[in-house]
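Reader: Could you talk me through this one, starting with how its parts are named and then going on to packing and pairing?
Author: Gladly; have a look at it first.

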Amino acid sequence: MEAFLNFMKQTGFAQIGNDPRQLIMLLVSFVLLYLAIKKQFEPLLLLPIAFGMLLTNLPGANMYHAEYFADGVKWDEILNFGLLDVLYLGVKLDVYPCLIFIGVGAMTDFGPLIASPKSLLLGAAAQLGIFLTFVGAHALLGFSGPEAASIGIIGGADGPTAIYTTTKLAPHLLGPIAVAAYSYMALVPVIQPPIMRALTTKKERQIVMKQIRPVRKIEKIVFPIVVAVFVSLIVPSTAPLIGCLMLGNLMRESGVVERLNKTVQNELMNIVTIFLGLSVGATATASNFLTWQTIKILVLGVVAFGFGTAGGVLLAKFMNLFTKEKINPLIGSAGVSAVPMAARVSNVEGQKAKPGNFLLMNAMGPNVAGVIGSAIAAGVLIALFG
């Protein structure tokens, strides 16, 4: 009977009352699972994030211990690490985001950016949301500099970059920031169009742009090498992200490591995505997630996306004052680095204004520029507050 009572005391059902907030977190994980499965909101990462959240909040499971990572890594406790503690090491040591960037680089065609270098300006303008949100979070809402920087990076619409920056600057906010970043990335087709239409006239949305020029193979091979060196020399703190991004792209464009290129795009990307999602979800414990800060972060995430979209559109309109060949301002909104979703949104809005007006390839230039821009912005913030 004593053994039976001891067993009953160790069950999760007996421990639920210890922290009722865990029940709320389980409900939150169920909602996120619903959004990932039924609504297909970035399911590749939102599903493992939600399930990681579920596992870490199961009473008595002891799969993740935030105290082991509060100040560095407590290696002396490694024998007591739970499963999610072990997986989280890949996030804490900045391994997963960099590996994800190798896969992103291998799947990205920088040809539209090479063919139209002015797209880089539109990609840079779309990072406006990052810095305005940083200022608002720090000056108006009382977040510390590192916390505000981590929140602002949501506006880059780049999940791995948001995770990388937050791990460096404000790891205690990793759960809500990751959930906000990936949820809003999935909502790009909902968030962006009203802003795009509000800032442009129908005549501007009807502008037809000429097709981009073909890009030679040598240009595509030299591009990742030059960017990796140049950007890393300007902002050394972003070298891990930019270096991995350009390594993946060089694998794609060189044509001499096709087996590695396919592995990076498929097996490596899939495995790391699973581990990254579970690890990030594990940080969403009740004590970290159920706070007023989380609500503020969710609100600021929308603000960041909105200003990022507006920044790209407004710069395109400004550039039209000085250029002979007019730019359709819709492609400026693609400067947020939700590739290729943001470019598709620009194309859809262009066709609504003028059927047959295909802007996809023109929009891909700012879109891939946004990937580089968000990584640079992250490097700048890490250099300032890291």
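Author: Helices here are DSSP runs of H or I with at least four residues, numbered from the N terminus, and the model is a predicted one.

Reader: With that naming, where does Asn328 sit?
Author: Asn328 is placed in the loop between α19 and α20, the latter spanning 341–353.

Reader: Is Asn328 buried or exposed?
Author: Asn328 counts as buried, because its relative accessibility is 0%.

Reader: And what does Asn328 touch, leaving out residues up to four places away in sequence?
Author: Asn328 is in contact with Glu204, Arg205, Gln206, Ile207, Met209, Asn357 and Leu359.

Reader: Let's turn to helix packing. At what angle do α12 and α19 pack?
Author: Helix α12, residues 174–186, packs against helix α19, residues 292–319, at an angle of about 35°, and their axes are 9 Å apart. The crossing of these two helices is right-handed.

Reader: Which residues of α12 and α19 meet there?
Author: From α12 come Pro176, Ile177, Ala180, Ala181, Tyr184 and Met185, and they meet Thr294, Ile297, Leu298, Val299, Gly301, Val302 and Phe305 of α19. The residues of this contact between α12 and α19 divide into eleven nonpolar, two polar and no charged.

Reader: How do the axes of α13 and α19 cross?
Author: The axes of helix α13, residues 188–199, and α19 come within 10 Å and cross at roughly 40°, so α13 is oblique to α19. The crossing of α13 with α19 is right-handed.

Reader: Which residues make the contact between α13 and α19?
Author: On the α13 side they are Val188, Ile191, Gln192, Ile195, Met196 and Leu199, while α19 contributes Phe305, Gly306, Thr309, Ala310, Val313, Leu314 and Lys317. The residues of the contact of α13 with α19 comprise nine nonpolar, three polar and one charged.

Reader: Switching to charges, how many salt bridges are there?
Author: The count comes to nine salt bridges, taking a cut-off of 4 Å between a side-chain nitrogen of Lys or Arg and a carboxyl oxygen of Asp or Glu.

Reader: What about Asp94 and Lys168?
Author: The side chains of Asp94 and Lys168 form a salt bridge, at 3.0 Å from N to O. Asp94 is in the loop between α5 (83–92) and α6 (95–106) and Lys168 is in helix α11 (residues 159–169), so the pair ties together parts that are 74 residues apart in sequence. Asp94 is buried, because its relative accessible area is 15%, whereas Lys168 counts as partly exposed at 40%.

Reader: And which parts does the salt bridge of Glu325 with Lys210 tie together?
Author: Glu325 and Lys210 form a salt bridge in which the closest N and O atoms are 3.2 Å apart. Since Glu325 lies in the loop between α19 and α20 and Lys210 in the loop between α14 (202–205) and α15, the pair ties together parts 115 residues apart in sequence. Glu325 is partly exposed at 44% relative accessibility, and Lys210 is exposed, with a relative accessible area of 58%.

Reader: Which residues are linked in a network of salt bridges?
Author: Arg197, Glu349 and Lys352 are linked in such a network.

Reader: Last topic, backbone angles: what is phi for Asn62 and for Ala157?
Author: Phi of Asn62 is near 50°, a positive value in a residue other than glycine, and Ala157, which is not a glycine either, has a positive phi of about 55°. Asn62 lies in the loop between α4 (43–56) and α5, and Ala157 in the loop between α10 (145–152) and α11.

Reader: Are those two buried or exposed?
Author: Asn62 counts as exposed, because its relative accessibility is 54%, whereas Ala157 is buried, at 1%.

Terms used:
Residues are numbered from 1 along each chain as its sequence is written. This is a predicted model: local features need pLDDT of at least 70, side-chain atom pairs count only at pLDDT 80 or more; totals for chains, interfaces and linings use all residues. Side-chain values use heavy atoms; hydrogens and water are left out. Axes are lines fitted to C-alpha atoms, for helices over the stretch in contact, and angles run from 0 to 180 degrees between N-to-C directions. A crossing is left-handed if the near helix is turned anticlockwise from the far one by less than a right angle, and right-handed if clockwise. Contact means heavy atoms within 4.5 Å. Ala, Val, Leu, Ile, Met, Phe, Trp, Tyr, Cys and Pro count as nonpolar, Asp, Glu, Lys and Arg as charged, and the others, Gly among them, as polar. Angles under 35 degrees count as roughly parallel, over 145 as roughly antiparallel, 65 to 115 as roughly perpendicular and the rest as oblique. Buried means under 20% relative accessible area, exposed over 50%, partly exposed in between (1.4 Å probe, protein chains only).
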